[in-house]
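I keep these entries as a record of what I looked up, in the order in which I looked. The model comes first, then my notes.

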Amino acid sequence: MTNPVLSVDALSGDAPSGAAAGRSHMPDQPVHPGRPPRTWRLMSPGLRALLPTMTPWLAAGLVLVVGVTLFGLLGPLLVGDPREIRDLGLAPPSAEFLLGTTQTGQDVLAQLAHATRGSLEIGFLVGVLATVLSAFFGIYGAYRGGVVDEAFSLLSNVFLVIPGLPLVIVISGFVPRESRGLWTIAVVLAVTGWAASARVLRAQTLSVRGRDYVAAARVAGERPWRVIVVEILPNLLPVIASQFVFAVIAAVLSEAGLSFIGLGASNSATLGTMLFYAQNGFALSLGAWWWFVPPGLVIALIGTGLSLINFTIDEVINPRLRNQREQRRRVRRARRAARKEQLS
Amino acid sequence: MNYFLRKLGFYAVALWAALTVNFAIPRMMPGDPVDILLAKLQQRGGTVTPETREAYALLLGGDDSVPLWQQYLDYLRNLLRGELGVSVSYYPAEVSDVISQSIPWTVVLVGLSTVIAACLGVALGAFAGWRPGTWLDSLVPATTLLAAVPYFWLALLLTYVLARVLGWFPMQGGYDVALTPGWDADFVLSAVRYGFLPALTIVLASVGAWLMGMRNMMVSTLSEDYILTAEAKGLRPGRILRNYAARNAVLPSVAGFAISLGFVVSGSVITEQVFSYPGIGSRLLGAVTNNDYALMQGVFLFITLAVLGANLVVDLLYGLIDPRTRARS
């Protein structure tokens with residue numbers, strides 16, 4: 001269940017100089033983007049700085065995520081009953097069953113559509129829960145400072161070093177199967193998965209909190225919750241968005257792992273559940289690749305799409321990255337032009 | 001406060017938190033684990049004496065005659081003495097014996113593949129970041145795909161292609177069962193052959209994180225003034241790469257070793273399950289499916305202890321490598 005970008009982020013929390021310094025560049029610093037696309041030129045410059053530029057990576061990410069989401073939303077309406085058993089076990093992909101059948105003759109494509117919906121549901125749910133938790137512990141703690149901050153950051157550091165999945169396995173192991181519902185799994189995953197984001201949010205809040213306009217708001221007598229929600233939160237939105245995306249990726253992956261070992265929610269069918277049945281139906285030794293390849297592929301596509309979107313959000317958080325990319329593009333263009341001139 | 005003392009203090013708190021969570025979980029969850037356990041034990045032909053019941057109740061709760069804080073103290077005392085109870089699924093073996101039998105497998109597999117992945121990722125990341133925009137650098141986004149793939153699915157794919165279709169490696173197990181475990185050449189060779197696929201899975205799935213982190217740090221280190229100075233002095237590029245850029249850029253990767261270790265351990269638990277590898281991860285899952293709560297808790301405690309220990313060592317080393325962390329605290 002690795003999550004590279006998550007660990008990179010966690011790294012920057014501890015980084016001595018470079019990463020931490022890079023992170024503290026917020027969008028309110030002067031940005032000099034290249035020529036913005038025509039439609040965006042109508043907006044105010046401040047708003048435009050917040051909006052990402054359309055890069056091939058962002059486009060690919062959006063296509064992947066929207067595609068998989070549409071498949072999960074509309075797919076179940078178009079396919080037949082995923083549980084219907086036929087006298088046609090382990091049929092390879094054909095015109096009738098595009099992705100073949102399982103050992104008991106169930107339509108893999110139908111199962112895939114329903115499972116995609118289940119995985120997205122739980123991923124989104126956990127993403128929201130974990131982001132709320134991390135925002136509370138990260139932002140509120142950093143804003144209050146003092147003992148509260150010390151206690152909250154100790155808590156998130158402890159949660160960060162205790163290995164998540166074994167803890168989730170032990171908790172799910174103690175919950176009897178019948179009471180292991182969707183919400184139980186979602187809460188368990190959220191409780192074990194918020195710590196890294198809280199650390200990132202804390203670092204960001206600390207840098208925003210020290211700004212003059214926040215001090216001015218406090219002196220003007222604004223109540224603490226108002227300072228947090230109206231003054232600080234808008235500046236943190238890109239960071240929160242990227243942490244939310246990480247949380248969704250991590251949740252989809254962990255849920256798949258949990259379901260794969262038979263500890264998932266008992267009332268939901270997800271991609272992990274499909275893989276669980278494929279593994280226990282000896283899909284591997286029977287060579288039924290059409291049974292176990294598609295679910296994992298969909299998981300990978302969800303994760304890749306979301307990570308690609310997150311690259312772009314990172315550029316919003318840290319304009320230095322965008323400048324570097326544009327610098328590289330300018331260099332490439334200049335080189336190409338020079339080569340053309342040489343040839344002609 | 002002294003850096004080292006503060007780190008030691010933090011890990012003491014983390015250890016205490018893990019122990020307490022382990023104590024609290026079975027008491028907070030619905031169901032009655034002690035009864036299930038004792039029923040299993042009787043099925044296996046074990047005799048259930050009041051002492052056995054008491055020992056399990058101490059570990060898992062369910063005994064209301066003793067106040068909670070007394071249970072807690074007794075639980076800690078039992079742990080200190082290393083008494084984790086009797087495993088039901090491996091009756092009559094002690095939990096600690098079951099764990100110590102499976103440890104070497106996991107430590108060698110996970111440890112070795114993590115070190116390989118880290119070295120490979122850091123080296124590749126250093127080169128990719130050294131010359132941004134080359135073909136190696138354009139491969140970097142592809143590692144996101146690799147990282148978004150679930151460990152166990154990668155394991156399934158590799159097994160299908162390399163073991164079933166091509167037949168290069170065995171599909172399951174940790175060694176040839178015809179051999180007796182020992183330190184002879186035959187056995188070690190067979191263990192390497194059986195361990196290759198699980199190790200490849202872990203390396204492939206975790207190398208991307210190292211590569212990405214190192215590459216990004218390398219790019220931001222290269223924009224530092226001292227790199228420019230080094231270039232102006234006319235130092236050879238190889239020297240700048242190794243002694244100036246990579247040396248500083250690798251620091252966050254070292255600090256992040258801790259966090260990635262947690263991910264790797266989590267991932268390898270399920271990977272072991274795919275390969276039926278005789279390590280500690282399969283034991284944990286076996287314990288869960290058999291309702292062997294004592295073994296489950298023992299394994300969880302052991303994994304947590306190992307990860308905390310590794311983190312402590314890395315943190316202390318980090319304090320030695322990077323004097324700034326010591327100066328700051």
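**Entry 1. Spans listed for chain B**

I began with residues 105-130 of chain B, which are 100% helix and 0% strand, with end C-alpha atoms 37 Å apart. Helices here are DSSP runs of H or I with at least four residues, strands are runs of E with at least two, and both are numbered from the N terminus. I then took residues 299-321 of chain B: this span is also 100% helix and 0% strand, and its end C-alpha atoms lie 33 Å apart.

Both spans come from the UniProt record, an unreviewed entry, which lists "transmembrane region" at residues 105-130, 191-212, 249-270 and 299-321 of chain B. UniProt positions are given in the numbering used here, feature names are shortened, and annotations may be inferred rather than shown by experiment.

I noted that this is a predicted model, in which local features need pLDDT of at least 70 and side-chain atom pairs count only at pLDDT 80 or more, while totals for chains, interfaces and linings use all residues. Residues are numbered from 1 along each chain as its sequence is written, and chains are lettered from A and ligands numbered from 1 in the order in which they are written.

**Entry 2. Chain B as a whole**

I found 16 helices and zero strands in chain B. Its C-alpha atoms fill a box of roughly 80 × 60 × 40 Å along the principal axes. Of its 329 residues, 44% count as buried. A residue is buried if 20 or more other C-beta atoms lie within 10 Å of its own, exposed if 12 or fewer do, and partly exposed in between, with C-beta atoms placed from the backbone.

I looked at helix H2 (residues 33-43) of chain B, where Pro33(B), Val34(B), Leu37(B) and Leu41(B) are buried. Seen down the axis of H2(B), these buried residues fall within an arc of 95 degrees, so they line one face of the helix. The arc is that of the directions from the helix axis to the C-beta atoms. Gln42(B) and Gln43(B), on the other side of H2(B), are exposed.

**Entry 3. Where the chains meet**

I read that 69 residues of chain B are in contact with 58 residues of chain A; contact means C-beta atoms, placed from the backbone, within 7 Å. Helix H13 (residues 257-275) of chain B gives the most to the side of chain B that touches chain A, with 12 residues. By class, that side has 44 nonpolar, 22 polar and three charged residues. Ala, Val, Leu, Ile, Met, Phe, Trp, Tyr, Cys and Pro count as nonpolar, Asp, Glu, Lys and Arg as charged, and the others, Gly among them, as polar.

**Entry 4. The nonpolar core**

Which residues touch the most other members of the largest nonpolar core? They are Val126(A) and Val299(B), in a core of 178 residues. Such a core is a set of buried Ala, Val, Leu, Ile, Met, Phe, Trp, Tyr and Cys residues joined through C-beta atoms within 7 Å. Its largest share, 18 residues, comes from helix H11 (residues 224-260) of chain A. Leaving aside neighbours within four places in sequence, I found Val299(B) in contact with Ile99(B), Ile280(B), Arg283(B), Leu284(B) and Ala287(B).

**Entry 5. Chain A**

I found 14 helices and zero strands in chain A. Buried residues make up 50% of its 344 residues. In helix H7 (residues 164-174) of chain A, 11 of the 11 residues are buried, so this helix is largely enclosed by the rest of the structure.

I placed Gly118(A) in helix H5 (residues 108-144) of chain A. Gly118(A) counts as buried because it has 25 C-beta neighbours inside 10 Å. Not counting residues up to four places away in sequence, Gly118(A) touches Ser268(A), Ala269(A) and Thr270(A). Gly118(A) and Ala269(A) are 151 residues apart in sequence and 5.8 Å apart in space, C-alpha to C-alpha.

The unreviewed UniProt entry gives "transmembrane region" for spans of chain A including residues 122-143 and 232-253. Residues 122-143 of chain A are 100% helix, with end C-alpha atoms 31 Å apart.

**Entry 6. Confidence in chain A**

I checked pLDDT, the predictor's confidence in each residue from 0 to 100. The mean for chain A is 79, and 85% of its residues reach 70 or more. Among the elements of chain A, helix H2 (residues 18-23) has the lowest mean pLDDT (36) and H5(A) the highest (91). Over residues 1-34 of chain A the pLDDT is below 50.

Note on methods: Two residues are in contact if their C-beta atoms, placed from the backbone, lie within 7 Å.
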